[in-house]
Amino acid sequence: MNSIEVLSRKIESLADGLPPTTIMEVCGTHTHAIRRYGVRQLLPKQVRLVSGPGCPVCVTAQEDVARALALARLPNVTLFCFGDMMRVPCGTASLSSLRADGADVRICVSPMDAFEFAREHPLREVVWFGVGFETTTPHTAALIEAGIRSGVKNLSILCAHKTMPNALRALLGGETRVDALLCPGHVAAITGADAFAFLPEEYGISAAISGFEPEELLLAIFALLKMQASGTPKLVNAYPRVVNPAGNPAARSLVETYFEPCDALWRGLGEISSSGLSLRPAFAKWDAGARFSMEPVAAVPASGCRCGDVLRGRIEPNECALFGQACTPEQPLGACMVSSEGACAAYYQYEGAGI
Amino acid sequence: MKDCITLAHGSGGKAYRELVERVFAPAFQNEYLAPLTDAAVCPGSGRIALTTDGYVVTPLFFPGGDIGRLAVSGTVNDLAVSGAIPRYLTVGMVLETGLPVETLQRVVRSMADTAAEAGVQIVTGDTKVVEAGGCSGIYLTTAGVGLFPEGMEIPPQRPEAGDAIVTSGRIGSHGMAVMAARHSLAFDPAIESDVRPMARAVRAVLDAGCIVRAMRDPTRGGVAGTLSEWAGTRLDITLEEEALPVRADVRDACAILGIDPLYVANEGVVLFSLPAKDAERAVAALRTQTGCEQAAVIGRVSDGRGSVFAKTRIGTFRRILPPSGEQLPRIC
């Protein structure tokens, strides 16, 4: 018997004696891996997995996408972004459609590409559209640091970075009912495992930090069910080969040098206090919002789109009336259908046929 | 003065003739091209296969290949998977002013080398020059003619339930090589494209006496695209994910960028659908060919409703949808 079979059997016998248990994952890479490996197919009926606000593309507020589009429309601007931001719809446009119409929008894997480009093209205004959680913010901080050291003048940041803990507080303090949380392994590698200790302490919820291989996911789910069975919610680090209690202090200190907490808008969750990051006043000149004196942009999601309910784990993607009909990976109406980490896209991609 | 392409090279006058005599004729030399007449006159009889394709890849040179090797291989492979023996190619070039002649020479030499490797001759061509910004260096269009041996049964290009799916080699290399080069991803050593003419490999399978129901080179859209089309509306195809040969560096790059190798373009891979009893013979024949050492049976065809599935390494199943849109690197 291989480790997958062993774990599946242990989970099955453990779940047998338990009431229905809902486990939420709050990391896009978990969402993707769970769908990619069909992990649900190995779980008993009583164990339900739901996706939370873990996909950075999905939780980026429509208003921030609208600001990126407004910047990309400026003739002198080259906007750099992660690949899966390209197709997020905003009204009738997206960064991808603007690029097709001639806007200079470029995909990069590392924000440093924006720095190199800015140095090589001093007459262009280069903007980095920074999105993502604790894992991607250090890269944006490193970009600013490189900019400061080199004296480059034509680089700025459209900052939509977010932090996970307060979003989880907002979620769990609201109407979302989950029994246990799968905590994001990559985020915890930066924050340290201890950053998630508040989950059992403040909310009485079992939490397990998980890796991304199917064995690791099953192991974390097993740990969660064991705590459910014993009635003693705790935080378990089920990804010790990567995550330690203190995390990565160097990355955190880099972020703290340039950023401070701010209230942030989340798609589907609204404004959450201290859940975002903005540039410290001393570095305000790196802020694209200030440099281009942008007004706040109002933006409304597509009518009927239930990404917000999906992100709060209130419905499964296929319970949205648009799912697979008006909203598909080819023609996404909601952000969750865009990134392969989005709950809707992952659902559509791997389980749409109902295996 | 730098030796670069100018508008004069596209004028059909003296500069153009010089370019032909200096760059094209020596590289492509063969008896059908030599007269430099308006049309090449070549021998052949019976049914022919005819195809054409345009090539606009950037960068022009990427690890493992270049636009010239790509333009010859792509058209040769389209002919080969029809079952024909590729014989003659034409090439149309759009050149940007300012392109160093040395760059053009490198591309042309690469085309000539690839043609020799594939056993085809480049028999005629055309050159146009556009102003700077009108194209990115070089655009190529190749057309090709292939001949069917007399009495040969042409593959119906229709898979059937009970078939096995065979890949000639490891998948995903070309698309990841180009994407890594385009995004300046510093893999060391660099990921190399698999671009190569597959005519001889296809011939090896046919000559081994295998009944081939369908053959395709899974370029854009990758293996997922080809299999989705083959499944159509009445068949299901189930892949064994663990049997899929993928180079370790390609697998790693895909994982980093959040891309599924099944959707990545190939330029030196052929997929076969053939009766299960012939599958191992096809694999053995392929493995004697350069670039096909990892040929493998990767899946099976059954009656169904047009779905493609992959059996994962943990024994679960996932759906493989037809490709949609551009493959974009994921956030993290």
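Analyst: Chain A has 15 helices and eleven strands, and please keep in mind that this is a predicted model. The radius of gyration of chain A is 21 Å, close to the 20 Å that the globule rule gives for 355 residues, so the chain is as compact as a globular protein of that length. Of the 355 residues in chain A, 56% are buried. If you take the contacts between residues at least 6 apart in sequence, 76% of them join residues at least 24 apart.

Now to the sheet you asked about. Four strands of chain A form an open sheet in the order E4-E3-E5-E6, and their pairing is parallel. Strand E4 (104-107) and strand E6 (155-161) of chain A each have a single partner strand, so they stand at the edges and one side of each is left without a neighbour in the sheet. On average, and ignoring direction, neighbouring strands here are turned by 20° against each other.

Let's zoom in on one pair. Strand E3 (residues 77-81) and strand E5 (residues 125-132) of chain A run parallel and are joined by four bridges.

Helix H6 (residues 112-120) of chain A packs on it, touching E3, E5 and E6 of chain A, and the direction of H6 makes about 175° with that of E5(A). Helix H4 (residues 62-72) of chain A lies across E3, E4, E5 and E6 of chain A and runs at about 145° to E3(A).

To place this in the whole, look at the domain assignment of chain A: domain 1 (3-55 + 164-237), domain 2 (57-163 + 248-291) and domain 3 (307-351). For domain 1 and domain 3 of chain A, the C-alpha centres lie 21 Å apart, and each of these domains gives 16 residues to the contact. On the domain 1 side of chain A, helix H2 (28-36) and strand E2 (47-51) are the elements that give two or more residues. The largest share of that side, six residues, comes from H2(A). Sorted by class, the side of domain 1 of chain A that touches domain 3 has six nonpolar, eight polar and two charged residues.

Note on methods: Residues numbered from 1 in each chain as written. Chains lettered and ligands numbered in written order. Predicted model: local features only at pLDDT ≥ 70, side-chain atom pairs only at ≥ 80, totals over all residues. Pairing = 2+ DSSP bridges. Axes fitted to C-alpha atoms, helices over the stretch in contact; angles between N-to-C directions. Contact = placed C-beta atoms within 7 Å. Rg over C-alpha atoms; globule rule 2.2 N^0.38 Å. Buried ≥ 20, exposed ≤ 12 C-beta atoms within 10 Å, placed from the backbone. Domains from an automatic or database assignment. Nonpolar A, V, L, I, M, F, W, Y, C, P; charged D, E, K, R; others polar.
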